[in-house]
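Hi everyone, thanks for making the time. I'd like to walk you through one model today, so please have a look at the screen.

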Amino acid sequence: MNKLIASIFIVSMFVLSVKSKAQCPVNVSLSSNPDVTLNAVCQNTPVEITATPSVGAVNPTYIWVINGDTVSGNGATINVSANNQTVVVYMNTQTGCFPDFDSASIYINTIIIESEATPIIKEC
């Protein structure tokens, strides 16, 4: 009976020590709020862009580039003011895959709505 209990204990310890393996290759996708992939937004509209790593990506870090300029912050989300920009994210991971990085981009198409003003004529 003691042998059976010892065997069950050893098996349960082994199961608890198994780690999940990374899934290769890693990739990243971008989403935005509001969704700028389908429609243009008004100029200067706040847009939140989120990078989502693939399942199994270990400790992802991000580098954000807007129109060729690197911006501060290395989190998975960035907030921008819409103005016809191309936003690129570069993701690096510690997954152990080769390659261990990916990139994605999104274009923010903006429109300017000009109001039609009715001129007011004053007589002197």
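One definition before we start: when I say strand, I mean a DSSP run of E with at least two residues, numbered from the N terminus. Two strands pair if DSSP finds at least two bridges between them. And please keep in mind that this is a predicted model.

Let's begin with the hairpin. It is formed by S4 and S5, with two residues between them. In the turn sits asparagine 67, and its phi is positive, at about 50 degrees. Strand S4 covers residues 61-66, and its antiparallel pairing with S5 runs over three bridges. To put some residues on that, valine 65 stands opposite threonine 70 in S5, and tryptophan 64 has valine 71 as its bridge partner there.

Now, which residue in S7 is the bridge partner of tryptophan 64? That one is valine 89.

Next, the loop between S7 and S8, where we find threonine 95. Is threonine 95 buried or exposed? Its relative accessibility is 12%, and the cut-off for buried is under 20%, so threonine 95 counts as buried. What does its side chain reach? The backbone nitrogen of valine 58, at 3.0 Å. There is also a polar contact of 2.8 Å between the side chains of threonine 95 and threonine 93.

For contrast, let's go to cysteine 24, in the loop between helix H1, residues 2-16, and strand S1, residues 28-33. Exposed means over 50% relative accessibility, and cysteine 24 comes out at 52%, which is why it counts as exposed. Cysteine 24 and glycine 56 are 32 residues apart in sequence, while their C-alpha atoms are 7.8 Å apart in space.

Notes: Residues are numbered from 1 along each chain as its sequence is written. This is a predicted model: local features need pLDDT of at least 70, side-chain atom pairs count only at pLDDT 80 or more; totals for chains, interfaces and linings use all residues. Side-chain values use heavy atoms; hydrogens and water are left out. Helices (H or I, at least four residues) and strands (E, at least two) are DSSP runs, numbered from the N terminus. Buried means under 20% relative accessible area, exposed over 50%, partly exposed in between (1.4 Å probe, protein chains only). A polar contact is a pair of N or O atoms within 3.5 Å; within protein, one must be able to donate a hydrogen and the other to accept it, and residues adjacent in sequence count only if both atoms are side-chain atoms.
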